[in-house]
Every structure is written in structure tokens, then in C-alpha cells.
Amino acid sequence: MAALACGALIAIQSRINGELGARLHDGIAAAVVSFGLGLLALAVLAGALAPVRRGLAAVREAVGAGHLRRWQLLGGVCGALLVVSQGVTVPALGVAVFSVAIVAGQSISSLAVDRFGLGPTGRHPLTPARMIGAVLTVAAVLVAVSSQATRPGLLALAALPALAGVGTAWQTAVNGLVRKFAGLALSAAFINFLAGTVALLVAFAVDVALRGWPTGSLPHEPWLYLGGLIGVGFIAVSASIVRWTGVLLLSLGTIAGQLVGAAVIDFLVPAHAHGPGTSTLIGIALTLVAVGIAALPSRHRS
């Protein structure tokens, strides 16, 4: 249930950051605002709560002792890519197609992450059910974007959230490892948001140097600034439960919540003139079938 809730949070965050990117006319600027506000909230919590500071100190000691590698602290860079893809592609693709594209990358990457034991639960076997489920998710993306076949620009946009989905599985794995040594999910979330914010500031500086300052203006609606706080909740919860579920099972739960939430959002508040089309809904249904197949228990011990 926590994984399902995480998926719904991603769908809501995608809609918020997509709208913010459209208002600013710059998806990277929207990502900086979203991640920066999340980091600010976590910095306030770190200053107020001693357990968060102790968790950060424990992570520093784990890195010094060699129990954690420095690259394992960079999960937030993948989170930054996800938020950028929200701001850049959701206004054009809609939340539903965006979510199906993320699912494809996330499902395949989760198989690799669990197979090579990159997460806190160690190695998991590549069962036939998991392989079939991953292949079906790719097919679901093709179905979901089939209505855009005559618009190659939009098809190319779908590649960005697919790449972000690949990074999401790895991010979940390393954040789970950081949370294991920190002992507190908020400490792991702080490290995640710090790495992501630094990466986004570098990307934004390059963006400004090449294209100039964003032409849009900061909106007045408070709900458009909630994306970062939603991200804090997602990272904290996922980093806490991945040690019990493994990366793939956590991904499957978030996928289900994300797709259902995305369809509802696109019906109620579509990002473009119309809600999700028939091909998108078929793609969502096919993805949910793939999730069910991949979640089938293995007959062999992992």
C-alpha cells in the first residue's frame, strides 16, 4: 500500500512540475525550484531534529570506513533527471503517456538492479515472469504512444521519461543503502536532494548560458510549489520500504499507483486540450497486466 501511495505521489508531482515548467517556459528552471524547495524543507528539519543530523553523521562515517561508496550518494542526480523530464515533457505528452514511458525504463532497470544486487536486499533471480512483465511494459509504451506516430517530435519526447525511469530504479536502490546506514529516511532524503539540487544548478547555469534566462514568470498559485515536498515524501517512504520489498517489487507497486493516478489526473485536469486517448488507456491496462505477471512469486528461492 505504501508503494501504491508512492506511485500516486509521482503522478501528482508530474502534473505539478509539468505545469510549473509550462509557466516558466523552462523545464530545468521548474526542476530547480521543485528540488530546491524540497532541499530547503529537509535542511530545516535537519536543523530542528537531532536524529536527522545523527543519520547524516553516520553516513559520513560509513563513507569514511568504505562501507558506502561516494557514487552511492548520487541517487539524487537521477531524481533530478526525473523532475526535469516532468517539466519538459508532461505539458506535451500528458501525465498518462509520461507515466507509461517512465514505467518501461523503470521495469527493465529494476530487473538489472535486483539481478546484480545493487539494492539493500541483495540479488534477486531473473524469473520468466519478471522477464515477460518487463517485455510487456515496453509493448505498453509502444501502444500508448501509437496515436502520436505522425508526430515524431512527441515520440522523441517520450524517450526522456523512459531514460528517467531507468535512473529511478537505480536511485531507489542506492537511497535504500544510504537509509540503511543513516538509520533514518529523512537523512537519506536530504542526501538525495542535495545531490540532485547541485546537479540541477549546474544544468541550469549551462541552460542560461546557452538559451538565456527563462521567459516565463513565477506563478502565484501555492499548489505549483508542492512538487518538492511531494518528492521528499516519495524518497523517504521508498528508501524505508525497499529493504523489505526489493527494488523490483517496490517498482511494481509504484507503477500501479502511478498509472492509475495518472489516468485519473489526465481525465480531471488534462495537461492539453483533451484527456488520455484510447491507445493510452490500452497501454495503461497492458502495463497493469505486465505488473501482475512480473509480481508472480518464483518457485525457486532467491
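Author: The model is a predicted one. α8 covers residues 227-245, a run of 19 residues. From its first C-alpha to its last it reaches 25 Å, close to the 27 Å expected at 1.5 Å a residue.

The next step is the partner of this helix. Two packed helices are described by the angle between their axes and the distance between the axes. For α7 and α8, the axes come within 8 Å and cross at roughly 125°. On the α7 side the contact is made by A185, L186, A189, N192 and F193, and on the α8 side by G228, G231, V232, I235, A236 and S240. Sorted by class, these residues give 7 nonpolar, 4 polar and no charged.

Helix α7 itself consists of residues 185-211. At 1.5 Å a residue, its 27 residues should span 39 Å, and its end C-alpha atoms are 38 Å apart, so the two figures agree. Just after α7 comes G212, with a positive phi of about 90°.

α7 also packs against α4, at an angle of about 60° and with the axes 7 Å apart. These two helices are therefore oblique to each other as well, and the crossing of α4 and α7 is right-handed. In α4 the residues that meet α7 are G75, G76, V77, A80 and V84; in α7 they are N192, A195, G196, A199 and L200. This contact has 6 nonpolar, 4 polar and no charged residues. N192 of α7 takes part in the contact with α4 and also in the contact with α8.

Helix α4 spans residues 75-115 and helix α1 residues 2-24. Here the packing angle is about 115°, with the axes 7 Å apart. α1 and α4 are therefore roughly perpendicular to each other, and α1 passes α4 in a left-handed crossing. I10, A11, Q13, S14, R15, N17, G18, G21 and A22 in α1 meet V83, Q86, G87, V90, P91, V95 and F98 in α4. By class, the contact of α1 with α4 divides into 8 nonpolar, 7 polar and 1 charged.

The last stop is H25, which lies in the loop between α1 and α2 (27-48). Most residues other than glycine have a negative phi. H25 has a phi near 60°, a positive value in a residue other than glycine.

Key. Residues are numbered from 1 along each chain as its sequence is written. This is a predicted model: local features need pLDDT of at least 70, side-chain atom pairs count only at pLDDT 80 or more; totals for chains, interfaces and linings use all residues. Side-chain values use heavy atoms; hydrogens and water are left out. Helices (H or I, at least four residues) and strands (E, at least two) are DSSP runs, numbered from the N terminus. The expected span of a helix is 1.5 Å times one less than its number of residues. Axes are lines fitted to C-alpha atoms, for helices over the stretch in contact, and angles run from 0 to 180 degrees between N-to-C directions. Angles under 35 degrees count as roughly parallel, over 145 as roughly antiparallel, 65 to 115 as roughly perpendicular and the rest as oblique. A crossing is left-handed if the near helix is turned anticlockwise from the far one by less than a right angle, and right-handed if clockwise. Contact means heavy atoms within 4.5 Å. Ala, Val, Leu, Ile, Met, Phe, Trp, Tyr, Cys and Pro count as nonpolar, Asp, Glu, Lys and Arg as charged, and the others, Gly among them, as polar.
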